[in-house]
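Here is a briefing to read with the structure open beside you. Take one topic at a time and find each residue as you go.

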Amino acid sequence: MAIACTGSVNERTTDAGGLTAAALAEMIGAVVVGDGEARLTGCAGLEAAGPQDVTFLANRKYAKMLGKTRAGAVILGEADTRYADGQTLLVAKDPYFAFRETVVALHGFREHPSPGISESAVIDPSATIGLGCSIHPFACIAEGATIGDGCVIYPHCYVGRDAVIGEGSVLFANVTVYDRCVVGRRVTLHSGCVIGQDGFGYATHRGAHHKIPQIGNAVIEDDVEMGAGCVVDRATVGSTRVGEGSKFSDLVAIGHGAQIGRHNLIVAQVGIAGSTQTGNYVAMGGQAGVAGHLKIGDQARIAAKAGVMDDLDEKGEYGGQPALPMSQTKRNILALTRLPQMMVQFRKLQKRVAQLEAQLGQPVEPVQND
Amino acid sequence: MAIACTGSVNERTTDAGGLTAAALAEMIGAVVVGDGEARLTGCAGLEAAGPQDVTFLANRKYAKMLGKTRAGAVILGEADTRYADGQTLLVAKDPYFAFRETVVALHGFREHPSPGISESAVIDPSATIGLGCSIHPFACIAEGATIGDGCVIYPHCYVGRDAVIGEGSVLFANVTVYDRCVVGRRVTLHSGCVIGQDGFGYATHRGAHHKIPQIGNAVIEDDVEMGAGCVVDRATVGSTRVGEGSKFSDLVAIGHGAQIGRHNLIVAQVGIAGSTQTGNYVAMGGQAGVAGHLKIGDQARIAAKAGVMDDLDEKGEYGGQPALPMSQTKRNILALTRLPQMMVQFRKLQKRVAQLEAQLGQPVEPVQND
Amino acid sequence: MAIACTGSVNERTTDAGGLTAAALAEMIGAVVVGDGEARLTGCAGLEAAGPQDVTFLANRKYAKMLGKTRAGAVILGEADTRYADGQTLLVAKDPYFAFRETVVALHGFREHPSPGISESAVIDPSATIGLGCSIHPFACIAEGATIGDGCVIYPHCYVGRDAVIGEGSVLFANVTVYDRCVVGRRVTLHSGCVIGQDGFGYATHRGAHHKIPQIGNAVIEDDVEMGAGCVVDRATVGSTRVGEGSKFSDLVAIGHGAQIGRHNLIVAQVGIAGSTQTGNYVAMGGQAGVAGHLKIGDQARIAAKAGVMDDLDEKGEYGGQPALPMSQTKRNILALTRLPQMMVQFRKLQKRVAQLEAQLGQPVEPVQND
């Protein structure tokens with residue numbers, strides 16, 4: 001690999017002057033242990049960090065790397081300070097949030113290019129474009145569509161007829177929003193997302209699958225973010241909905257008529273089938289699947305690869321296929337790993353009983369092989 | 001969420017005058033129970049429906065909501081009429097198909113915008129464009145490609161060299177059809193679909209994976225519909241094929257050389273590996289996976305998340321990982337849920353046998369812990 | 001299906017004169033058994049092949065079809081020659097690689113159209129475009145981006161600010177490379193791939209999920225190929241990396257900060273979560289998932305649908321959910337299929353022991369139903 005990645009790969013959108021450890025600690029609500037005058041200009045991983053970088057102990061697995069980091073300061077929780085080895089520490093109650101605040105303070109958010117309204121975009125005269133929008137080349141905004149103030153529409157996005165994009169939303173390259181769908185405010189849709197394609201609705205009759213016109217739409221509420229390639233079906237009637245503040249990773253599929261609650265966290269490659277409702281603050285691990293027409297309670301946590309076939313209670317933890325309460329699934333899996341050994345012992349026990357039966361003059365049942 | 005979705009979200013492409021319940025019943029082959037003169041103008045869900053809407057009992061789970069619906073009429077099957085509570089009913093033998101016919105009668109199908117051949121599309125002079133096509137801005141049709149009569153090609157679609165799109169097909173925004181691939185008539189490809197990318201073919205030799213040129217193509221037969229983000233590999237040699245009338249939901253992946261039969265129903269996130277053949281009327285649930293080089297019989301039904309490792313007989317129902325006949329998988333899963341309890345009992349039984357052995361002067365085997 | 005696919009569907013980019021079996025054998029390092037003078041002009045599958053085609057026994061499953069093929073020559077390994085029935089054979093030590101060499105010799109690689117730099121592309125004046133590039137219509141190259149010599153950028157690709165594409169790489173239609181990401185040399189990205197979208201990083205605080213700016217990037221090293229719709233998150237800090245020579249099938253998702261080793265083979269719909277590292281020559285079957293923060297050893301083989309929850313040793317074979325050594329998973333699955341039967345026997349054994357206990361005057365435990 002001959003391509004040069006010289007220097008730090010991390011973007012810096014803010015002034016590179018940086019902050020002292022003490023000043024940063026005050027901003028992020030942490031306590032400094034060590035050199036409060038250390039000047040910190042950026043964030044980096046444990047291994048890559050240099051003396052001007054802040055790093056973060058993201059996972060206790062990496063605790064042994066703490067001794068080797070060259071970072072100027074390390075953000076961690078009280079309980080992890082015992083792993084440190086002389087570094088300047090920024091001890092925080094919620095270290096992950098403190099790290100987030102540090103990244104924001106030292107690097108800021110991505111600055112989008114501001115081409116204004118590109119002459120290479122095609123915008124139907126009947127569309128409404130808000131103030132301060134950036135509409136990139138080859139974006140296409142169809143008749144009657146509305147783009148709110150301050151939106152960024154990257155190249156190759158298509159916003160269909162009468163669709164609405166709320167103010168401050170960002171559609172990265174190659175996003176499609178179908179006709180009459182509604183995207184809220186401050187929504188981020190990463191490349192390849194598709195909002196509002198027809199749901200999977202066919203009535204099978206005399207040997208053919210007859211399409212049911214999908215006359216509803218899809219609504220993505222405020223402050224949602226979706227990773228690359230997520231797809232949300234439009235409803236047969238009414239609206240498929242993704243609730244305010246929910247975050248999706250990549251390649252998530254949402255079926256028609258599903259109602260995703262507020263502040264859900266949905267990891268990559270999850271599929272949620274049609275008409276299912278999730279509560280608020282539901283979390284799902286990667287590749288989990290949820291069948292249609294179910295209700296998932298508030299704050300339910302669904303493990304990676306789980307296959308949910310029934311309604312789930314709020315606050316529960318679930319896993320397995322079919323998904324059961326996590327404690328039960330773990331017990332079942334543990335039992336399964338012991339099963340081959342137990343089967344050997346079972347055969348032995350059968351023989352021992354047979355021997356006893358013989359000794360007592362009972363009729364002996366033959367040991368079966370299955 | 002401040003975005004206004006006032007009024008019905010459901011699209012109406014037909015005359016809003018509507019139909020009487022009696023007239024509608026005749027059109028869809030149903031029997032009216034109740035007010036045959038009720039005027040019906042649209043379709044809506046059980047909760048959202050008003051007095052001019054027809055609704056539909058899609059799932060018996062929602063039967064208790066029947067009593068509360070304000071719908072002007074409810075479509076249901078004979079067996080579900082007992083759940084009704086005074087509403088006007090449209091009783092149908094095949095209520096799902098009757099509902100479909102109702103949506104078509106009252107709302108019609110999506111009307112595509114008709115920009116003709118956009119000046120902002122790029123069409124190679126050697127391409128052939130049929131009569132009455134709509135080619136949207138930023139569509140790109142490569143040399144030698146053929147677009148049949150009445151096709152709709154949305155923005156950002158790419159139809160590669162010598163590819164063929166049959167008459168009346170619709171490619172929504174951001175669809176890619178690779179060179180020399182063939183898409184049949186009346187096919188619908190939703191946004192993000194990719195037809196004919198190279199299959200996963202590499203010969204590993206002396207530490208490197210050497211690409212095998214994928215010289216075949218992909219063929220999508222008539223009346224196929226694919227949801228968003230479906231991808232179909234081209235064949236190494238010959239054709240990958242998706243049979244007439246088959247319907248895919250979203251994010252389905254088809255490997256090179258696979259032969260999908262006619263009228264298959266393939267739900268979201270299914271993966272079918274290379275060279276596998278499915279019969280006709282095969283159905284697969286979400287996130288199912290089928291290994292390569294297999295034969296799946298006609299009308300086989302494969303459950304969500306199943307992992308198919310062997311050929312499957314026609315008409316069978318299969319599930320689990322690896323997939324087995326569904327009755328067997330259910331029995332295994334039930335047994336597994338009972339296993340931890342049984343293991344406790346097994347330990348007890350071992351002890352009881354040991355006690356008997358002691359009583360009878362037999363050598364006693366120690367109880368093993370595993 | 002009325003669309004004509006007359007003649008061979010297989011592309012021929014080389015001279016159709018072909019080669020004799022003897023000449024081909026010499027090129028591919030095989031031994032001819034049969035007619036060395038047979039003229040061979042193309043490759044085809046066992047069923048479709050005609051007298052001028054070379055075919056290949058890709059899988060022993062198809063051995064019985066060998067007797068029926070009309071192919072002019074069949075490539076196979078020494079061990080499979082016993083299935084042949086009079087055909088001319090090309091016997092090779094590594095038949096798969098020999099077949100690959102044959103396809104290259106008789107058909108060559110895809111020839112990309114060479115439109116030069118299309119006037120319908122938008123290239124920022126600050127971008128650098130190498131010599132001999134093909135930049136198709138509607139491609140968009142942002143400020144500061146670098147496109148190496150001889151690249152092919154198909155329509156609707158977006159290469160973001162300061163991104164780098166190494167020489168000889170091909171981006172098929174609708175590929176997105178985010179700002180500051182690096183794609184190596186001779187990389188192929190099929191349609192719908194997204195490189196460098198923001199990783200799934202949120203710090204939950206007081207009821208909201210606060211976005212952590214993803215200030216790192218994604219790096220795709222030399223000679224990588226990705227199928228359609230693959231997505232690679234950018235790192236929170238530092239780089240997500242896909243190592244040299246690795247090959248992905250379709251719809252693969254790579255989490256932020258993951259480090260994929262060199263020469264990995266990753267089949268369709270695999271998901272690898274953030275910060276996980278894979279060694280070199282790792283192979284993963286379709287729909288496998290790997291949790292975050294793990295280390296997967298060199299040459300580990302992970303079965304389709306496996307759910308990897310722990311570090312894996314090098315060279316091991318793993319499968320199941322959670323993934324265990326394959327031998328153990330197979331033993332567990334076999335035991336599970338026998339479990340329902342064993343439970344019946346267990347009930348019987350309990351009764352037999354109770355009978356013995358009664359006979360010996362022991363207190364008898366009742367048989368429990370669970």
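The notes below go from the chain copies to their contacts, then to salt bridges, a helix and some backbone details. Keep in mind that this is a predicted model. Chain A can be laid on chain B by a turn of 120 degrees, with an RMSD of 0.1 Å.

**How the copies are arranged**

**Where chain A meets chain B**

- The contact involves 94 residues of chain A and 77 residues of chain B.
- Together the two chains bury about 6800 Å² between them.
- Carbon and sulfur atoms carry 63% of that buried area.
- On the chain A side, the residues that lose the most area to chain B are A:Phe200, A:His209 and A:Arg352.
- These three together make up 11% of what that side buries.
- Between chain A and chain B there are 7 salt bridges.
- A:Arg352 also has a charged partner across the boundary: its side chain meets that of B:Glu357 in a salt bridge, at 2.8 Å from N to O.

**A salt bridge between chains B and C**

- B:Arg161 pairs with C:Glu11 in a salt bridge, and their closest N and O atoms are 3.0 Å apart.
- This pair crosses between chains.
- B:Arg161 sits in the loop between β14 (158-159) and β15 (164-165) of chain B, while C:Glu11 is in the segment before β1 (19-20) of chain C.
- Are these two residues buried or exposed? Both B:Arg161 and C:Glu11 are buried.

**Salt bridges within a chain**

- In chain A, the side chains of A:Arg186 and A:Asp223 form a salt bridge, with 2.8 Å from N to O.
- A:Arg186 is in the loop between β18 (182-183) and β19 (188-189) of chain A, and A:Asp223 is in the loop between β23 (217-220) and β24 (225-226), so the pair ties together parts that are 37 residues apart in sequence.
- A:Arg186 counts as partly exposed because its relative accessibility is 41%.
- A:Asp223 has 24% relative accessibility, so this residue is partly exposed as well.
- In chain C, C:Asp179 and C:Arg234 meet through their side chains in a salt bridge, at 3.6 Å from N to O.
- This pair links distant parts of the chain, 55 residues apart.
- C:Asp179 is in the loop between β17 (176-177) and β18 (182-183) of chain C, and C:Arg234 is in the loop between β25 (231-233) and β26 (239-242).
- C:Asp179 is buried because its relative accessibility is 8%.
- C:Arg234 has a relative accessible area of 0%, so this residue is buried.
- C:Asp179 and C:Arg234 belong to one network of salt bridges that share partners, whose members include A:Glu11, A:Arg110 and C:Arg161.

**Helix α3 of chain B**

- Helix α3 of chain B has 34 residues (residues 326-359).
- At 1.5 Å a residue, the helix should span 50 Å, and its end C-alpha atoms are 46 Å apart, which agrees.
- Where does α3(B) bend? The bend, about 50 degrees, is at B:Leu339, and the proline B:Pro340 follows within four residues.
- Just after α3(B), B:Gly361 takes a positive phi of about 75 degrees.

**Backbone details in loops**

- The peptide bond from B:Gln321 to B:Pro322 is cis, with omega near 0 degrees.
- B:Pro322 lies in the loop between β38 (317-319) and β39 (324-325) of chain B.
- In chain C, the bond from C:Gln321 to C:Pro322 is cis, again with omega near 0 degrees.
- B:Arg186 is not a glycine, yet its phi is positive, near 55 degrees.
- B:Arg186 is partly exposed, with a relative accessible area of 42%.
- B:Gln287 is another residue other than glycine with a positive phi, near 65 degrees.
- B:Gln287 lies in the loop between β33 (283-284) and β34 (289-290) of chain B.
- With a relative accessible area of 9%, B:Gln287 is buried.

Note on methods: Residues numbered from 1 in each chain as written. Chains lettered and ligands numbered in written order. Predicted model: local features only at pLDDT ≥ 70, side-chain atom pairs only at ≥ 80, totals over all residues. Heavy atoms only, no water. Helix = DSSP H or I, 4+ residues; strand = E, 2+ residues; numbered from the N terminus. Expected span 1.5 Å × (residues − 1). Bend = angle between axes of the 7 residues up to and from the residue. Salt bridge = Lys/Arg side-chain N within 4 Å of Asp/Glu carboxyl O. Buried < 20%, exposed > 50% of the residue type's maximum accessible area, 1.4 Å probe, protein only. Contact = heavy atoms within 4.5 Å. Buried area = accessible area lost by both parts, 1.4 Å probe. Least-squares fit on C-alpha atoms with pLDDT ≥ 70 in both.
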